[in-house]
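Please keep the sequence and the model in view while reading.

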Amino acid sequence: MINMRAITLASGAGLAVGLLLGMTLQGWRLGAELADLRADHAMELQRLADTHAAALAAQQQARQHLEQQLAAIDTQRYQELTHAQANTDRLAADLASARQRLRVRIDPASCSGLPTTTGAPGLDDGAGARADLHPADAAALVRVTGRADECRARLTALQEWVRAFGEQK
């Protein structure tokens, strides 16, 4: 019976050692697989980070390009606007001070007290009679048309802004 016990103990010990050895080897193998998975995961995260960084850099470059376009539009249109305002102001001042005159065509038949025939022939033959506007009225008329020119310049600038944003999308 002792032999049986010794055999059972020996086989139990051998089984325990084999089980322990198997578990140790299995742990090493699973540890290696886990390390490989972690390395693959880290590489995938790095690839994603690189992709996002490249996309962000492209967006920043596109934004810089758009900002440069918009700054160029602003500069050009602002110069046009200030030029139009300066011309309007200068012309209105000249008209208000009577340094220049604003002439309009009139229908002599609708004006009482004016001759119905035109004077001596000139460069504007056939254009009808002409009259000078009062200097203050002429200056006011020029300011109104000047505001229309300013609105045109602003509208053109806004349209260019919209086109520049549309190109970016």
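Predicted model: local features only at pLDDT ≥ 70, side-chain atom pairs only at ≥ 80, totals over all residues.

Asp132 is partly exposed, with a relative accessible area of 36%. Residues are numbered from 1 along each chain as its sequence is written, and side-chain values use heavy atoms, with hydrogens and water left out.

**Salt bridges**

The side chain of Asp132 forms a salt bridge with that of Arg103, at 3.1 Å from N to O. Asp132 belongs to strand β2 and Arg103 to strand β1, so this pair ties together parts 29 residues apart in sequence. Arg103 is exposed, with a relative accessible area of 52%. A salt bridge means a side-chain nitrogen of Lys or Arg within 4 Å of a carboxyl oxygen of Asp or Glu. By this rule the count is eight salt bridges. Helices (H or I, at least four residues) and strands (E, at least two) are DSSP runs, numbered from the N terminus.

| Pair | N to O distance |
|---|---|
| Asp132 and Arg103 | 3.1 Å |
| Arg29 and Glu33 | 2.5 Å |
| Glu160 and Arg77 | 2.1 Å |

Glu160 and Arg77 meet in a salt bridge at 2.1 Å, N to O. This pair links distant parts of the chain, with Glu160 in helix α2 and Arg77 in helix α1, 83 residues apart. Both Glu160 and Arg77 are buried.

Arg29 and Glu33 both lie in helix α1, four residues apart, which is about one turn of the helix. An α-helix has 3.6 residues a turn, so residues three or four places apart point the same way. Arg29 is partly exposed at 40% relative accessibility, and Glu33 is partly exposed with a relative accessible area of 38%. Salt bridges that share partners also join Arg77, Glu80 and Glu160 into one network.

**Helix α2 and Glu150**

Helix α2 covers residues 135–168. What span should its 34 residues have at 1.5 Å a residue? The expected span, taken as 1.5 Å times one less than the number of residues, is 50 Å, and the end C-alpha atoms of α2 are 50 Å apart, which agrees. Buried residues of α2 include Pro135, Val142, Gly146, Glu150, Thr156 and Glu160.

Leaving aside residues up to four places away in sequence, Glu150 touches Leu81 and Gln85. A contact here means heavy atoms within 4.5 Å.

**Overall arrangement**

The protein has two helices and two strands, and from the N terminus on its elements run α-β-β-α. Of its 169 residues, 14% count as buried. Among contacts between residues at least 6 apart in sequence, 79% join residues at least 24 apart.

**Loops**

Ala98 lies in the loop between α1 and β1 (103–106). Ala98 has a positive phi of about 65° although it is not a glycine, and at 37% relative accessibility this residue counts as partly exposed.

Pro108 lies in the loop between β1 and β2 (129–132). Is Pro108 buried or exposed? At 14% relative accessibility, Pro108 counts as buried.

**Surface**

The protein exposes about 13200 Å², and carbon and sulfur atoms supply 62% of this area. Accessible areas come from the Shrake-Rupley method with a 1.4 Å probe; for residues, only the protein chains shown count as cover.

Leu21, Leu25 and Trp28 make a nonpolar surface patch of about 360 Å². Patches are made of residues with over 30% relative accessible area and no salt bridge; like charges are joined within 9 Å and nonpolar side chains (Val, Leu, Ile, Met, Phe, Trp, Tyr) within 5 Å. Leu25 is in helix α1 (residues 2–96) and is partly exposed, with a relative accessible area of 45%.

Terms used. Buried < 20%, exposed > 50% of the residue type's maximum accessible area, 1.4 Å probe, protein only.
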